[in-house]
Amino acid sequence: MSVRRSALMAGLLLCGGAQADEDSLGGFVLASQEATRLQATPLNVDNFLAIPEKKTTLAGLLEGRFHDLTWRARFETWRSDIDGRHSGSSGALQELNRVFQLTPAVTLSLGKRLYALDPSFVNQPLGFLQKRTDLSDPLDELGQSEGLPMAVLGWTGSQASLTAIYSKDAARHADGYNRGVEQSIVKLGYEFEQLSVSMLLRRASGEPSGIGATLSGAAGEHLSWYGSAYSARNTRRATAGLTYTLPDLPKLQLEYAYDGRGMSDGEYAGWLALIDRNQSLPLPDIARKGLQAQAAQVLTSQGARQRYVSVTLAQTVGDWELGGGVYAGRDDHSAVWHGTADYRYSPRTTLMLSVLRQTGDARSERGLSPLSAVVAVRMRHLF
């Protein structure tokens, strides 16, 4: 959907939403200044990947509800230091969804939205329809998440639930996670007194059919835990985690993840050999940089290997919301360190600081990443 069409639809919804007392309208404006430190790596010689070292952003998010219709739109304008001074703008209708109450127990949802299947915090084996966690913004406080077009038919009983989902996003380029896929999912859930369980079957275009499951529960008032897993032909991935909260102490979250889609030791050694071979080929410099840029595409914020551990702490101190942690790779002992400090200046205005730092040996995935560190200062104002 074009930016102009998105803006027009958002404007129409704004007019409609303002006339209904039971409906809602809100959002925020966000000013951001980011500084990125690059590190020397054969994957990004002379910053061939065009990663800006300085970027100024002004963004706005509008969201609302009009009867059974919900929507969310984000607009952004930015300026960076790539090849001098470059600027641009973008906009997206992130969600537009209508819910139909067919019977007291049956609902039908149609439109573009997010749908969480996985209770995990960082790694989400069943995150086919939800936002992939950004380590620099794990709670999506910047409002960057975008939904997928889908139809959801759900039945909810006193303890059991049954959901059928169809999503088609095949028109876009597949990102290897949840974009660019046509998929069908059937999920069965059951709620015990202190335990939630679910199982699902999934069929997706270009992928083997798979089966998944989730468990989540609580042990007392301060400890909660969760787990999820997914298995299909030639792949298996699983996550287990817990959250521990005590009064006046930081909230602790631990998570372990295994992703069979990532590179094993042998596959990683082959990838390193490819990088070395690209360096030695008798090619023009621009062609060699292009080959290395292709090799760099396997690096993602969630990691390109198979085993990871996440440790996160969060604490409220007066008007401050503090958080931080480490996302460590067990296969090569590299890590991403991240932290946030948000100060609530007023009920509507928050000053935000975030820091991300990657560490690891020169031949580790984090050591080969073009990014060394990112620091961002932002101000968000609600309206």
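Helices (H or I, at least four residues) and strands (E, at least two) are DSSP runs, numbered from the N terminus. The model is predicted, so that local features need pLDDT of at least 70 and side-chain atom pairs count only at pLDDT 80 or more, while totals for chains, interfaces and linings use all residues. Residues are numbered from 1 along each chain as its sequence is written, and side-chain values use heavy atoms, with hydrogens and water left out.

**Figure 1. Asp169 in the loop between strands S7 and S8.** Asp169 lies in the loop that joins strand S7 (160-168) to strand S8 (182-191). With a relative accessible area of 8%, Asp169 is buried, where buried means under 20% relative accessible area, exposed over 50%, and partly exposed in between (1.4 Å probe, protein chains only). Leaving aside residues up to four places away in sequence, Asp169 touches Leu148, Pro149, Arg179, Gly180 and Val181, a contact being heavy atoms within 4.5 Å. For one of these residues, Gly180, the backbone nitrogen lies 2.9 Å from a polar atom of the Asp169 side chain.

**Figure 2. Helix H2 and its buried face.** Helix H2, which spans residues 265-280 and has 16 residues, reaches 23 Å from its first C-alpha to its last, close to the 22 Å expected at 1.5 Å a residue; this expected span is 1.5 Å times one less than the number of residues. Its buried residues are Tyr268, Trp271, Leu272, Ile275 and Asn278. Seen down the axis of H2, these buried residues fall within an arc of 120°, so they line one face of the helix, the arc being that of the directions from the helix axis to the C-beta atoms.

**Figure 3. The cover of helix H2 and its opposite face.** Helix H3 (285-296) and helix H4 (365-368) are included in what covers the buried residues of H2. On the face of H2 turned away from its buried side are the exposed residues Gly266 and Ser280.

**Figure 4. Residues 1-21 and the confidence of the model.** The protein averages a pLDDT of 90, and 93% of the residues score at least 70, pLDDT being the predictor's confidence in each residue, from 0 to 100. Over residues 1-21 the pLDDT is below 50, and this stretch has 23 contacts in the model beyond near neighbours in sequence. For context, the protein has four helices and 18 strands, and buried residues make up 40% of its 383 residues.

How values were computed
Polar contact = N/O pair within 3.5 Å; in protein donor to acceptor, adjacent residues only side chain to side chain.
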